[in-house]
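Good morning, and thank you for coming. Please look at the sequence and the structure as I show them, and keep them in view while I speak.

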Amino acid sequence: SPAGMVLSVLVIVLLSMLYEAVKMGKAMLLRRALLALPRSLSRESLMEPEEGGTGPGQGSPSLIGFPIFFHRWFRYHVGQTLFHVVQVVLGYMVMLAVMSYNAWIFLGAIVGSTLGYFV
């Protein structure tokens, strides 16, 4: 029916726009993750000091501890992974819709990608 086709094209447009939004969100999260890394990658800046060490002569970097930035970086990495899973799922859904070889669905995917990138 015509109403069903219009609804299908609208859903594909929205899925394509969402795909582009997730792609941009993933890129922004990557930028934040890179900014969270320390500028200097020396061992002293990466390791947490031992407990009880008060001065530079008394405390040495702990070889057992995780880097200070690791916990923040790990949260960003988990977020990027979730964004990637959503992006792949949306991409496959749009691809399957386009593989129906319907010209209107194909145009809906193109228009949705264009609008999603533009916005």
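Predicted model: local features only at pLDDT ≥ 70, side-chain atom pairs only at ≥ 80, totals over all residues.

Y101 sits in the loop between α3 and α4. Its phi is near 60°, a positive value in a residue other than glycine.

Residues are numbered from 1 along each chain as its sequence is written, and side-chain values use heavy atoms, with hydrogens and water left out.

Now the overall picture. The protein chain has four helices and zero strands, and from the N terminus its elements run α-α-α-α. Helices (H or I, at least four residues) and strands (E, at least two) are DSSP runs, numbered from the N terminus. Of the 119 residues in the chain, 22% count as buried. Contact means heavy atoms within 4.5 Å. Among contacts between residues at least 6 apart in sequence, 68% join residues at least 24 apart.

How do helices α1 and α3 pack? Helix α1 (residues 2–36) and helix α3 (residues 70–98) pack at an angle of about 160°, and their axes are 9 Å apart. That makes α1 roughly antiparallel to α3. Here, axes are lines fitted to C-alpha atoms, for helices over the stretch in contact, and angles run from 0 to 180 degrees between N-to-C directions. Angles under 35 degrees count as roughly parallel, over 145 as roughly antiparallel, 65 to 115 as roughly perpendicular, and the rest as oblique. The residues of this contact divide into 16 nonpolar, seven polar and four charged. In these classes, Ala, Val, Leu, Ile, Met, Phe, Trp, Tyr, Cys and Pro count as nonpolar, Asp, Glu, Lys and Arg as charged, and the others, Gly among them, as polar.

Two residues of α3 deserve attention. Q87 is found in helix α3 and is buried, with a relative accessible area of 11%. Leaving aside residues up to four places away in sequence, Q87 touches Y19, V22, K23 and K26. The side chains of Q87 and Y19 are joined by a polar contact of 3.4 Å; such a contact is a pair of N or O atoms within 3.5 Å, where, within protein, one must be able to donate a hydrogen and the other to accept it, and residues adjacent in sequence count only if both atoms are side-chain atoms. Q80 is also in helix α3, and Q80 is buried at 17% relative accessible area. Its contacts, again not counting residues up to four places away in sequence, are L29, L30 and A33.

Let us turn to helix α4 (residues 103–118), whose axis comes within 8 Å of that of α3, with a crossing of roughly 150°. Which residues meet there? V94, A97 and V98 in α3 meet I105, F106 and A109 in α4. This contact has six nonpolar, no polar and no charged residues.

Finally, the axes of α1 and α4 come within 7 Å and cross at roughly 35°. By class, their contact has 10 nonpolar, six polar and one charged residues.

Key: Buried < 20%, exposed > 50% of the residue type's maximum accessible area, 1.4 Å probe, protein only.
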